Amino acid sequence: MAAELSAHHRRLAEQKREAITTAATELFLDRGYDGTSLARIAEAAGVSKSTLFKRFPTKAALFEAIVTESWQRDAGDTAARPQTGDLRSGLTTIGHRYADLVGQPGMTALFRIVIAELPRFPELGRMQFQLGKLPYFTSVQRYLESEHEAGNADVPDAASAANQFLGMIANYVLWPRMLLTDWNPAASDIHDAVEQAVQTMLARYTATRRPDPKPER
């Protein structure tokens with residue numbers, strides 16, 4: 001019984017947290033970061049002010065949680081990098097995960113908030129970069145480094161290669177959404193965009209193996 005109550009309480013806590021972050025994102029977009037109060041967020045989320053303040057004592061703390069959760073939404077799949085040994089398979093896995101991540105509406109909303117408020121609140125941009133983009137980028141860089149060290153890829157500059165790969169995908173999946181409200185490519189088009197990015201990376205970074213020397217007679 002105690003375990004059931006504990007699980008129930010955890011579910012309620014998770015539901016309240018999700019309600020808070022969802023309401024905050026919508027209000028930040030509608031009223032701006034500066035024009036949104038924690039009290040208004042609590043009202044929109046249907047929770048008491050004390051409940052919200054207990055979890056998020058400041059707007060900065062709440063925005064930090066939104067950034068972290070947005071970039072870690074697929075953490076169950078991306079906690080571990082793909083296994084080293086098959087560059088095509090690894091890049092394909094990373095590419096489709098990234099397309100799913102940046103293609104979600106919440107990610108578009110997050111970028112819009114940051115861009116709109118950046119002149120007055122540059123710390124929001126730093127949060128977005130340091131808590132979201134940078135850790136994700138670093139995980140891809142380390143995967144490419146592991147393939148290079150194993151001799152499966154020729155990637156002398158893994159940071160540059162990771163930037164190229166993620167950029168090719170974001171340029172199709174994310175950035176048009178920032179300007180075109182009706183941008184909604186079909187799943188098959190997104191799949192093709194990822195596959196084209198993988199092919200480009202393979203053409204550039206697949207290790208060229210020298211043929212085995214002929215045995216001496």
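Threonine 25 is found in helix H1, where helices are DSSP runs of H or I with at least four residues, strands are runs of E with at least two, and both are numbered from the N terminus. The model is a predicted one, in which local features need pLDDT of at least 70, side-chain atom pairs count only at pLDDT 80 or more, and totals for chains, interfaces and linings use all residues. Residues are numbered from 1 along each chain as its sequence is written, and side-chain values use heavy atoms, with hydrogens and water left out.

With a relative accessible area of 16%, threonine 25 is buried; the classes are buried under 20%, exposed over 50% and partly exposed in between, with a 1.4 Å probe and protein chains only. Once neighbours within four places in sequence are set aside, threonine 25 is in contact (heavy atoms within 4.5 Å) with Ile66, Ala109 and Ile113.

As for the overall picture, the protein chain holds 11 helices and zero strands. Of its 217 residues, 39% are buried. Among contacts between residues at least 6 apart in sequence, 71% join residues at least 24 apart.

The largest nonpolar core has 58 residues, and those with the most contacts inside it are Ile41, Phe63, Trp71, Leu91, Leu144 and Phe165. Such a core is a set of buried Ala, Val, Leu, Ile, Met, Phe, Trp, Tyr and Cys residues joined through side-chain atoms within 4.5 Å. At least two residues of this core come from each of H1 (2-31), H2 (38-45), H4, H6 (87-103), H7 (105-117), H8 (122-149), H9 (158-173) and H11 (187-205), and H9 gives the most, with eight residues. Because domain 1 (1-57) and domain 2 (72-205) both give residues to this core, it lies between them; the domain bounds come from an automatic or database domain assignment. Leucine 144 touches Leu87, Leu91, Val155, Ala158, Ala161, Ala162 and Met201, not counting residues up to four places away in sequence.

H4 and H8 pack at an angle of about 25 degrees, with their axes 9 Å apart. Axes are lines fitted to C-alpha atoms, for helices over the stretch in contact, and angles run from 0 to 180 degrees between N-to-C directions. H4 and H8 are therefore roughly parallel to each other, given that angles under 35 degrees count as roughly parallel, over 145 as roughly antiparallel, 65 to 115 as roughly perpendicular and the rest as oblique. On the H4 side, residues including Phe63, Val67 and Trp71 make the contact, and on the H8 side Leu124, Leu131 and Tyr136 are among them.

Against H7, H4 packs at an angle of about 140 degrees, with the axes 10 Å apart, and the pair is therefore oblique. Here the contact is made by Phe63, Ile66, Val67, Ser70 and Trp71 of H4 and by Met107, Leu110, Phe111, Ile113 and Val114 of H7. Serine 70 lies in H4 (residues 59-71) and counts as buried at 3% relative accessibility. Beyond neighbours within four places in sequence, serine 70 is in contact with Leu101, Gln104, Met107 and Leu110.

Proline 156, by contrast, sits in the loop between H8 and H9 and is exposed, with a relative accessible area of 66%. Proline 156 and tyrosine 205 are 49 residues apart in sequence and 9.1 Å apart in space, C-alpha to C-alpha.
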